[in-house]
Amino acid sequence: MAFRSQPSHLPLDSDSSTRFLPSIVALMVALLTFSIVGLAALHDSVGKWSGQIEGSLSIQVPPTGMADREPEEREQALQATVDDIIEQLADMPGISRIEELSPETMSALLEPWLGPDEIVSELPIPRIIEITPETGFNFDMLERRLGEIAPEAVLDDHRIWIERIADVAFSVELALMALIVVLFGATMLSVVFATRSGLSIHRTIIELLHLIGAQDSYIAGQFARHNLRLAFFGALIGLLIALPVSGVIAWLGMRAGWPIPTLVFSPLFIGIIIAIPFVVAGVAQMTAKRTVLRVLRRML
Amino acid sequence: MTEVVSFRNVGVRYESGPEILRDLNFTLHRGSFHFLTGASGAGKSTLMRLLYLALRQTRGEINIFGRDNIRIPRDELPAIRRKIGVVFQDFRLINHLTTFENVALPLRVAGVEDLQIRKNVTELLEWVGLGDQINAVPSRLSGGQQQRVAIARAVIGRPALLLADEPTGNVDDRIAMRLLYLFEELNKLGTTVLIATHNRQLVRRFGHNQWLLEAGTLHDITHSA
């Protein structure tokens, strides 16, 4: 992209648009970068959650109808049900692993709420069986088999809430994509506005250039080069603002325990971020050229 | 003789107002030299605008370089305009450009090589007495100097048709004569020249064809003046 291959015959540098356009482009590019970073982070999380939908599920075996039994008798009955479920489901196609959550793990999980081990062991707490299914596992068949083996057992496959979160995240993803489109649109409108204002300010020079034989493309080229330069400068500023801010947000997120989205380190993401100033400048250049040509066509 | 411009029953009115120019019939042949005189408001500038294709007639027919002006496609207008050199009454210099760049403008838009531009523009600026003002911007020049820059810009591309609106209005007699000699030199090389002026003395001294524009109509007064 050549910024200046010939002297500019239009004093575009003195226009108010010269100050206005880089500022507005910087703002748009900063928002655009935030949106792209947010989109990448969210896309990463949705991917992980979607993996989890297929990655794990559990069966709760509650001590239903055993409230009046002695703890030892209740535990034996529960253990028998758990063993029965594990035995019958172990050879079911699509299950790569099935095992009961150990009493130690259960105690550790419940300790923050229920206190030390001794109390846990005395309470009628459901037993948990963890299943690791293979890809394409038939959940409905598992639900039917479980109903036959132990009707009181509850299949908790995390799918519902993970699906809901994934749905929300996907909606936010779509909204971010729409925002990116809107930001591009707003940038283009700003360029159109600045270009039209420039055309209006320099009408007499444009008329003169016409009268001495300048082609429309020659005049449009001057506006296009000017806007390319301003938009590239503005986009660089926007990027230089957005990237450190995104970094600080990521750092704060890490301190709060959020996982770092791995997608932001991918060559595709880095390529997209590097491409932003060039794409925005190119869009500004093309928009300015098309705007000028459209306006000039109406002049004699 | 080759016709450069011909007008047939041309009339111009602005919107629904009265006709500013009416029933204009004339021909400018290649290599001809005309002075156009007339009182202020007679329509000289409107006629000039028709000639340099900044305005279209409301009636009649204008042929310029063998083309009907109404039928010239928009993308072919620049090539025709490059054959016309214009000295505007208000100069229309570009304030942020130097004398050199203002004069070089027609060559730049025509895509002439830088080296050629430098040679031709420097030579011409020396000729019109502005060799020492080559890097000055218009605001640093006197009215007369600005006028010479405007003239240099009009002739730098060796136009086939030169139109000048009051080209000697801001210069002393010595410079006015020098500029008229420049126009004559171009005329001898085949350029058709039409100069709108109030300066009757100058018109008489050079003795070329004279047209009088009066109340929107054109009269040939070459032999009666």
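Good morning. I begin inside chain B of this predicted model, where the count of salt bridges between domain 1 and domain 2 is zero. Polar contacts are present there, however: three residue pairs, both members at pLDDT 80 or more, are counted between domain 1 of chain B and domain 2 of chain B. On the domain 1 side, helix α6 of chain B, residues 173–188, gives the largest share of what touches domain 2, namely six residues. Sorted by class, that side of domain 1 has nine nonpolar, three polar and three charged residues.

Let me place these two domains. The domain assignment of chain B gives domain 1 as 1–83 + 159–225, and domain 2 as 93–156. Their C-alpha centres lie 23 Å apart. In terms of contact, 15 residues of domain 1 of chain B meet 12 residues of domain 2 of chain B. The area buried between these domains is about 1100 Å², and carbon and sulfur atoms give 69% of it.

I now turn to the interface between the chains. Here 22 residues of chain B are in contact with 21 residues of chain A. The buried area between chain B and chain A is about 1900 Å², of which 63% comes from carbon and sulfur atoms. On the chain B side, the residues that lose the most area to chain A are R74(B), R81(B) and V109(B), which together account for 32% of what that side buries.

How many salt bridges are counted between chain B and chain A? The count is two. One of them joins E207(A) to R92(B), with the closest N and O atoms 3.1 Å apart. Across the interface of chain B and chain A, four residue pairs are also found in polar contact, both residues being at pLDDT 80 or more.

As for secondary structure, α2 (77–81) and α3 (99–109) of chain B each supply at least two residues of the side that touches chain A. Of the elements on that side, α3(B) gives the most, with five residues. By class, the side of chain B that touches chain A has 12 nonpolar, one polar and nine charged residues.

Key
Residues numbered from 1 in each chain as written. Chains lettered and ligands numbered in written order. Predicted model: local features only at pLDDT ≥ 70, side-chain atom pairs only at ≥ 80, totals over all residues. Heavy atoms only, no water. Contact = heavy atoms within 4.5 Å. Buried area = accessible area lost by both parts, 1.4 Å probe. Salt bridge = Lys/Arg side-chain N within 4 Å of Asp/Glu carboxyl O. Polar contact = N/O pair within 3.5 Å; in protein donor to acceptor, adjacent residues only side chain to side chain. Helix = DSSP H or I, 4+ residues; strand = E, 2+ residues; numbered from the N terminus. Nonpolar A, V, L, I, M, F, W, Y, C, P; charged D, E, K, R; others polar. Domains from an automatic or database assignment.
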